[in-house]
Amino acid sequence: MRLMTFYACGARRIGVAVDDAVVDLRAAYTLYRTARGDAPAPALAAALFPDDLVPFIANGDESRTAAQAALSWAVERRDHWPQLQTPAGEPVAHRLEDVTYAPPVVRPGKVLGIGVNYRDHAAETGRQPPAEPVFFNKFATSLVGHRGAIVHPGPSVTAKLDYEGELAVVIGRPARHVPEVDALRHVFGYTVFNDVSARDLQYRDGQFVKGKGLDGFAPMGPWIVTADEVPDPQALSIRLTLNGRTMQAGRTGDMIFSVAQLISYLSRLMTLEPGDVIATGTPAGVGTARKPPVYLEPGDVVAVEIEGIGRLENPVVSAGG
C-alpha cells in the first residue's frame, strides 16, 4: 500500500494512493461497514483511521486489516467513486491533483538523520568513512509534505542552503536491542526524504542539529510504501534534480551502513517507536561539495525520486513569501 496523509474538504485524513487518486480510509471504512449491514460507527472509523499515520502504525494489525478491507471494498467500486459519499457527505476518494499533501507522518516521536553514510559522499566532503553511524535530530516542525514549500530563512540565517536526497525508513513496531538479522521486521515502510541543510550553521561550531532542524528542513513523501512492497531496501536507485538538472544519482546499495545495520545500531542506544523516521544518508552530488558550490535559492524546484517508492518535489520560497 502507498499510505499518505492529506488535506481535503477542510480536514486532514489518511488514505491509500491508487493510481491518480487517494482513497480516504475513514470514509471507505464507514461505507464498507454500511454495505455489510453494520452500524456506520463513525467513532470506530475515526479511531482506526485518525488524522496522522503515527497512531495508525502503532495500532498494528487491527488498523492494517481494517484498511485492507476498506480499500478492497472501495477499489471494487472504483467506477462509482464520484458518487460514493458517507452519510456526512465525505467522498470516498479524491484526485491526487486536488489534495494538499501533508508529511506522511505528521508528529513522529523521532526524526533521526544519518550523516556520511555513502562512501562517495564522504569522499566529496573530504571525510573518512565513519566507524559507526553518525546521527543527528530533525524535528516534527521540520517536516513538510510533497509539493510543500521549503522556506529559505534568508541570508541573515543562512547563505548556504543545501539539498540531500535520501531514503527514509518508518518504524512499524518498537525496536530495542534488535539484532541486525531481525531489524527489517521492525520496518513499517519506506518514503522519500530531503535532508535540507544550512551548511554555514551546520559547520559553524560542529552542531549538526543547528543546520538541520529548522522549520521546513525535512520534506518527506509523497507517501509511505509498506515494507512488503520493497523486498530489498539496498537495491534502489535514488536521484535528485534541481530545476530539472540531475545533481545526485546513486544506489542505496552503496550505503556504508545498511538499513538493517542502522536500525540495529540505533536500537542499542534508544527505543525506536512506531512512526519514528530514519533518514539513511545521501549519495554524492550535494551542493556544498560542487565547484563552484550550488545552493538553494527562492524560485528553485528540487525533486527526489527513489525507485519503487515515488517522487518528492518541493519549491523553494523566501521567508517573505
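Strand β18 (residues 301–306) and strand β19 (residues 310–318) run antiparallel and are joined by six bridges; strands here are DSSP E runs of at least two residues, helices are H or I runs of at least four, and both are numbered from the N terminus. Two strands count as paired if DSSP finds at least two bridges between them. Within this pair, E305 stands opposite R311 in β19. The two strands form a hairpin with three residues between them, and G308 in the turn has a positive phi of about 80 degrees. The model is a predicted one, in which local features need pLDDT of at least 70 and side-chain atom pairs count only at pLDDT 80 or more, while totals for chains, interfaces and linings use all residues. Residues are numbered from 1 along each chain as its sequence is written, and side-chain values use heavy atoms, leaving out hydrogens and water.

Five strands make up an open sheet of mixed pairing, in the order β9-β19-β18-β15-β16. The edges are taken by β9 and β16 (245–251), each with a single partner strand, so one side of each has no neighbour in the sheet. From one strand to the next, the twist averages 15 degrees.

With a relative accessibility of 16%, G148 counts as buried, a label given under 20% relative accessible area, with exposed meaning over 50% and partly exposed in between (1.4 Å probe, protein chains only). Leaving aside neighbours within four places in sequence, G148 is in contact (heavy atoms within 4.5 Å) with E313, N314 and P315. G148 and V317 are 169 residues apart in sequence, yet 10.0 Å apart in space from C-alpha to C-alpha.

Turning to the helices, nine of the eleven residues of α1 are buried, so this helix is largely enclosed by the rest of the structure. The buried residues of α1 pack against β1 (2–8), β2 (11–18), β3 (21–24), α2 (42–48) and α4. Helix α1 (residues 25–35) meets helix α4 (residues 61–76) at an angle of about 75 degrees, with axes 8 Å apart; axes are lines fitted to C-alpha atoms, for helices over the stretch in contact, and angles run from 0 to 180 degrees between N-to-C directions. The contact is made by L25, A28, Y29, L31, Y32 and A35 of α1 together with A66, A67, A69, A70, W73 and A74 of α4.

Helix α8 is likewise largely enclosed by the rest of the structure, because eight of its eleven residues are buried. Its buried residues pack against β6 (111–115), β7 (134–138), β11 (165–171), β12 (187–194) and β17 (277–279).

The largest nonpolar core has 54 residues, and M4, I263 and L272 have the most contacts inside it. Such a core is a set of buried Ala, Val, Leu, Ile, Met, Phe, Trp, Tyr and Cys residues joined through side-chain atoms within 4.5 Å. Helix α8 (residues 259–269) supplies the largest share of this core, six residues. A second, separate core of 41 residues includes A28, A66, A218 and V277.
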